[in-house]
Amino acid sequence: MADPVAAGRAEPRGTRPRRALSRRNVMLYGVLIVVALYYLLPLYVMVVTSLKGMPEIRLGNIFSPPMEITFEPWVKAWSEACTGLNCDGLSRGFWNSVRITVPSVVLSIAIASVNGYALANWRFRGSEVFFAILIFGAFIPYQVMLYPIVIMLREIGLYGTLSGLVLVHTIFGMPILTLLFRNYFASVPEELFKAARVDGAGFWGIYFKIMLPMSLPIFVVAIILQVTGIWNDFLFGVVYTKPDTYPMTVQLNNIVNSVQGVKEYNVNMAATIITGLVPLVIYFISGKLFVRGIAAGAVKG
Amino acid sequence: MNQMTNPAATSVAVKDLRLAYGSLTILDDLSLDIGEGEFIVLLGPSGCGKSTLLNCIAGLLDITDGQIWIKGRNVTWEEPKDRGIGMVFQSYALYPQMTVRGNLAFGLKNAGLPRGEIDKRIARAAEILQIQPLLDRKPAALSGGQRQRVAIGRALVRDVDVFLFDEPLSNLDAKLRSELRVEIKRLHQQLRNTMIYVTHDQIEALTLADRIAVMRGGIIQQLADPKTIYNKPANLFVAGFIGSPAMTFLKGQIGERDGVRTFEAGGSTIALDQYRGEVPARGTAVILGVRPEHVAAGHVAAGHGAAGHGAAGHGAAGHGATGAGGAAAKVEIDEPMGSDSLLWLRFAGQALSARAPAEHGFKAGDAVSLGFDISKASLFDTETEQRL
Amino acid sequence: MASDTRPRRPFRNLSAKIASIPMIVTAVCVFLGGTLWTVVYSFTNSKLLPRLNFVGLDQYDRLWSTPRWLVSIENLAIYGVLSLIFSFVIGFLLAALLDQKIRFENTFRTIFLYPFALSFIVTGLVWQWILNPDFGVQNIVRSLGWESFTFNPLYDANLVMYGIVLAGLWQGTGLIMCLMLAGLRGIDEDIWKAARVDGIPTWKTYLYVVIPMLRPVFVTTLVIVMAGIVKLYDLVVAMTSGGPGNASEVPAKYVYEFMFRAQNLGQGFAASTMMLLTVAIIIIPWAYLEFGGRRRG
């Protein structure tokens with residue numbers, strides 16, 4: 001299994017060991033493959049369950065592939081699944097999540113990139129202090145700030161609205177994004193910034209004409225980070241929105257964990273996959289950039 | 001209002017400049033007058049404050065105290081763009097997403113110049129620097145030397161009186177560096193602009209400068225023309241920093257023999273009658289600095305040790321050798337350097353280097369006699385480290 | 001001359017200051033102000049609405065005598081210790097395995113990390129399904145002939161936290177592997193060469209050379225993971241909703257229940273202040289070590 005190309009090529013010659021099939025390699029790849037299977041198992045179970053009919057689920061075991069593939073659970077999850085009295089499926093949550101995620105991502109990145117740029121290149125008295133508070137804010141348990149924000153949102157009339165949640169995501173995205181952009185802009189050679197100043201460009205001129213065009217990768221990293229983070233959020237959604245503006249995660253939890261009715265496990269799993277699909281697609285497309293994002297975004301916890 | 005010594009002849013004047021971050025002082029009470037069209041080099045080891053000084057002049061750093069005048073105008077608190085300067089950086093600092101033309105035009109566009117004027121200036125700069133074929137390329141497609149040319153061009157199009165260079169050649173390989181060095185000198189002769197040039201490379205300093213300011217610890221140690229800096233270093237630091245291979249220093253004290261002041265160290269004596277400067281009183285502890293090319297090593301002749309023949313025909317030492325009378329040393333290491341050799345000697349218990357012709361014929365362990373050209377040596381006070 | 005005098009401070013860098021207003025408002029009003037607000041109101045007897053009616057430490061007294069809170073703390077400790085130990089050990093081992101210049105490294109890394117892209121809700125629901133006693137692992141093992149096999153953590157008050165740890169590890173270990181791998185890649189190749197020349201076996205090199213060198217990576221990862229552990233909420237909600245009974249209650253959930261369900265704000269504020277204190281105990285020594293020594297000027 002391990003390294004078939006090298007194995008086919010390596011003629012045993014003299015005392016030279018056949019490296020490709022050495023005990024070490026068998027062990028190494030063996031362990032890795034077993035662990036990989038373990039990691040893939042839940043995904044497999046999710047997909048398999050979502051493609052089975054309920055009778056088959058009641059009979060068989062969750063690991064066996066479906067005898068008869070049906071997409072009905074997916075359809076049902078998307079357009080018929082019930083939360084409380086609403087029975088219009090996950091689609092409502094999906095579109096809510098889209099309407100939350102898109103403006104949150106745009107707004108938070110726009111603000112944080114300018115903040116990071118100001119902190120990296122235009123330091124002023126006190127800027128580092130504010131930044132330090134911001135970074136500590138990333139570690140403060142959200143629970144501490146939940147209620148004050150309820151009051152603030154209520155004061156400005158945004159409590160329970162999608163705009164309110166967008167604002168909350170912008171606020172809580174700020175520490176990590178500002179850190180990300182600050183570190184990136186600080187890594188841009190300072191001489192470039194100096195040259196632009198000698199050339200007479202000001203704060204916005206340097207930002208838009210020099211910095212922005214050369215930092216596309218970090219913007220992609222930030223977008224990945226924010227889309228996955230905001231899409232996956234549950235706590236803010238449940239606290240700051242009402243049932244008809246619930247994001248997808250909250251709705252999913254309500255569908256699956258509702259106590260009324262018969263449990264339709266295939267529909268539940270279909271709904272779960274659909275909810276996880278957006279971040280998964282982003283993850284598999286973005287590859288290395290995602291890794292870069294989490295290394296920075298890990299602070300988010 | 002503070003009057004300058006001679007505002008008309010001064011292009012850039014730095015007055016009592018102080019730069020400090022909290023208790024950390026980077027530049028301390030530094031003053032420097034630079035004449036119209038002068039090429040001045042700020043030279044020193046890294047961390048000596050030379051680049052910081054340049055950034056202060058450019059207006060890229062807010063100073064703590066003092067004033068900066070350019071062309072008779074107090075620009076201490078003006079923006080870099082309004083100071084009438086152009087600047088060239090070590091890392092070229094070209095805007096990566098713009099073409100060469102875009103790089104040259106950026107500052108002019110920001111200044112709101114009309115299209116025609118911009119094109120005219122770019123054409124002129126491109127011609128001077130011979131970068132016309134590169135105008136539509138991106139910086140990534142250029143070699144290091146080409147990039148630095150473009151960076152110089154960016155300063156050139158600004159049509160300013162003062163050019164600031166911040167280690168412009170340090171990122172280039174040795175061959176390109178010497179080529180561009182010549183080019184910068186040619187540029188200066190052609191344009192006659194004031195140029196302030198920061199480097200840690202003494203060759204660049206000695207070849208380019210009208211005057212060199214040697215800096216250490218935020219203080220100008222010596223400000224003089226290259227010859228003076230080389231021959232009459234103001235203190236131990238300047239003496240050690242300038243010259244390659246470096247000057248060697250011998251510790252000893254002033255003695256006297258036959259009415260002539262001598263330098264005594266570990267039982268050896270060197271007569272100081274040829275010394276150009278004041279020799280202090282007998283018994284004073286001093287440091288004698290001699291450059292390798294002013295030390296000649298000769299074979300020990302029978303009886304009277306005499307330098308001046310044999311292998312020691314190098315440089316001025318041949319005729320000026322005055323150290324006869326016990327200046328005996330031992331060869332420790334021989335470093336052939338192609339055109340000549342550097343001999344590392346043990347003299348009076350101290351390390352000393354001497355230049356010798358390539359075919360000097362000495363081996364490690366050989367005893368040699370030394371001749372010193374004292375007229376080109378320097379005596380330093382042990383305490384103050386200043387030249388005597 | 002106009003430029004003779006130093007320009008007034010507030011007007012220098014004006015654009016940068018204006019552009020930083022969102023950051024300053026967030027930092028000061030929300031993070032600092034919001035935190036202080038909650039701490040202050042945790043000393044009041046606010047019920048449905050916040051009221052400045054101070055009652056001293058009453059809320060804290062009540063908090064620490066509520067069994068539900070004590071269970072929360074105990075659960076968080078179990079979850080924290082287990083997931084720290086296992087995620088570090090597994091994460092490091094996986095990183096070390098991936099660092100052996102293997103083929104398909106990217107494939108393996110992608111597989112180990114993908115759960116991290118999923119939300120805790122999705123993670124919790126999948127594992128709830130896998131651990132379902134009637135259809136999941138327990139059922140399968142029984143159907144293989146081992147009739148008495150029991151593995152039903154989510155419905156067993158004594159085991160429920162272990163079930164949650166299982167899901168949490170699946171979701172989060174990839175992250176630790178990634179951070180460790182980045183750390184391992186940061187180690188100079190020459191260290192390995194030197195160790196090989198000296199004839200030190202690989203495992204010894206890891207133990208005595210590499211791991212000590214990775215200390216900063218470990219510390220940073222530890223802080224990140226611990227700060228995350230304190231926030232544990234979604235996963236519990238999705239997997240068990242705190243059940244059976246209150247057996248898988250955690251502090252974050254306790255806070256939510258009291259603030260938004262039980263309408264006992266003061267109690268919620270006190271509990272969240274305790275969470276803040278926990279994080280502070282973790283963060284402050286680290287921040288001091290990490291940044292305190294480097295302060296300049």
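Helix α13 (residues 248–256) of chain A is mostly covered in this predicted model, with eight of its nine residues buried. A residue counts as buried if 20 or more other C-beta atoms lie within 10 Å of its own, as exposed if 12 or fewer do, and as partly exposed in between, with C-beta atoms placed from the backbone. Helices (H or I, at least four residues) and strands (E, at least two) are DSSP runs, numbered from the N terminus. The buried residues of α13(A) are A:M248, A:T249, A:V250, A:Q251, A:L252, A:N253, A:I255 and A:V256. Their cover includes α5 (91–121), α11 (216–232), α12 (235–240) and α14 (265–286) of chain A. It also includes α6 (120–130) and α12 (234–239) of chain C.

The model is predicted: local features need pLDDT of at least 70, side-chain atom pairs count only at pLDDT 80 or more, and totals for chains, interfaces and linings use all residues. Residues are numbered from 1 along each chain as its sequence is written, while chains are lettered from A and ligands numbered from 1 in the order in which they are written.

Chains A and C meet through 69 residues of chain A and 72 residues of chain C. Contact here requires C-beta atoms, placed from the backbone, within 7 Å. On the side of chain C that touches chain A, helix α2 (residues 21–41) of chain C gives the most, with 13 residues. That side has 52 nonpolar, 16 polar and four charged residues. Ala, Val, Leu, Ile, Met, Phe, Trp, Tyr, Cys and Pro count as nonpolar, Asp, Glu, Lys and Arg as charged, and the others, Gly among them, as polar.

Helix α7 (residues 142–155) of chain A packs on helix α14 (residues 265–291) of chain C at about 140°, with the axes 8 Å apart. Axes are lines fitted to C-alpha atoms, for helices over the stretch in contact, and angles run from 0 to 180 degrees between N-to-C directions. From α7(A), the contact is made by A:Q143, A:V144 and A:Y147. From α14(C), it is made by C:L265, C:S272, C:T273, C:M275 and C:L276. Five of these residues are nonpolar, three are polar and none is charged.

UniProt, in an unreviewed entry, lists "domain: ABC transmembrane type-1" for residues 94–286 of chain A. Over this range chain A is 79% helix and 0% strand, and the end C-alpha atoms are 21 Å apart.

Chain B has nine helices and 20 strands. Its C-alpha trace spans about 85 × 50 × 35 Å along the principal axes. Of its 388 residues, 45% are buried. Four strands of chain B form an open antiparallel sheet in the order β2-β1-β4-β5. Strands pair if DSSP finds at least two bridges between them. Strands β2 (24–35) and β5 (73–74) of chain B stand at the edges with a single partner each, so one side of each is left without a neighbour in the sheet. Strand β4 (residues 65–70) of chain B pairs with β5(B) over two bridges. Helix α1 (residues 50–58) of chain B lies across β1 (10–21), β2 and β4 of chain B, at about 115° to β1(B).

The largest nonpolar core has 277 residues. Such a core is a set of buried Ala, Val, Leu, Ile, Met, Phe, Trp, Tyr and Cys residues joined through C-beta atoms within 7 Å. Helix α8 (residues 162–187) of chain A supplies the largest share, 14 residues.

Key: UniProt positions are given in the numbering used here, feature names are shortened, and annotations may be inferred rather than shown by experiment. Two residues are in contact if their C-beta atoms, placed from the backbone, lie within 7 Å.
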